[in-house]
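Morning, everyone. Let me put the structure up, and then I'll walk you through it.

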Amino acid sequence: MNTLSYKTISVNKETAQKEWVVIDATDQVVGRLCSKVAKFLRGKYKPTFTPHVDCGDNVIIINAEKVVFTGNKETDKQYTRYTGYPGGQRFETPAKLRKRKDGAERILRHAVKGMLPKGPLGRSLMDNLYIYEGSEHKHAAQQPKEIDINQYK
C-alpha cells in the first residue's frame, strides 16, 4: 500500500489560494447571508480547509442596505454597546441603526463577527470582509468573481 497518497495536506499562509468574491445582498435574510459569508471568510467551502490558518476568500458585499430581517426583528431586536462611562449602556434596534450613515454595514459586521472564531484568527479574518451599502465597490483591480449566494448551503 502506498502511504504517500494518504498524507493530509495542511495549508499555510503562503500556500493558501485566496480569491476575491462579490456577493449581492439584495433581499437576503441577514443571518442566513452572514453564515454563508462566514464560511467563505473561513475557507470552509474549499477542499484544502485548515482550521488554524486564514485560507478563506476576500468577500465583498454590495447592496448591504437591502438586507432584510424575518419576523419582527427589525423593530424588536436590540444591539447593545457601551460608551465606557457609568450608565453608558446604549441600545439600538436595526430600524434605528439603518438610519445612520454606516448602519447596514454595522448590522452585517456584527452578525458575521459572531459566527467567526474568537481570538486572533477571527479578528484577522474580519479584515477580509468589505461591505458597501450601494452597488459600487472599489475593488475592480482584484477582478472579483460574482457568485450567487443562494447556491451554497
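A salt bridge here means a side-chain nitrogen of Lys or Arg within 4 Å of a carboxyl oxygen of Asp or Glu. Keep in mind that this is a predicted model, where local features need pLDDT of at least 70, side-chain atom pairs count only at pLDDT 80 or more, and totals for chains, interfaces and linings use all residues. Residues are numbered from 1 along each chain as its sequence is written, and side-chain values use heavy atoms, with hydrogens and water left out.

How many salt bridges does the structure hold? Seven. One of them joins aspartate 102 to arginine 106, with 3.3 Å between the closest N and O atoms. Now a term for accessibility: buried is under 20% relative accessible area, exposed is over 50%, and partly exposed is in between, with a 1.4 Å probe and protein chains only. Aspartate 102 is partly exposed at 29%. Arginine 106 is partly exposed too, at 39%.

Next pair. Lysine 46 and aspartate 57 meet through their side chains in a salt bridge, 2.8 Å from N to O. Both sit in the loop between α1 and β2, so the pair ties together parts 11 residues apart in sequence. Helices (H or I, at least four residues) and strands (E, at least two) are DSSP runs, numbered from the N terminus. Are these two partners buried or exposed? Lysine 46 is buried at 17%, and aspartate 57 is buried at 5%.

Now the core. A nonpolar core is a set of buried Ala, Val, Leu, Ile, Met, Phe, Trp, Tyr and Cys residues joined through side-chain atoms within 4.5 Å. The largest one has 29 residues, and Ile23, Val37, Leu108 and Leu129 touch the most other members. Which elements give two or more residues to this core? They are β1 (20-24), α1 (30-42), β2 (58-62), α4 (103-115) and β5 (129-131). The top contributor is α1, with seven residues.

On to backbone angles. Asparagine 63 is not a glycine, yet its phi is positive, near 60 degrees. Asparagine 63 lies in the loop between β2 and α2 (73-76), and at 8% relative accessibility it is buried. Glutamine 143, also not a glycine, has a positive phi of about 50 degrees. Glutamine 143 belongs to the loop between β5 and β6 (145-147), and at 70% it is exposed.

Last stop, strand β4. Phenylalanine 91 is placed there, partly exposed at 42%. Phenylalanine 91 and phenylalanine 49 are 42 residues apart in sequence and 38 Å apart in space, C-alpha to C-alpha.
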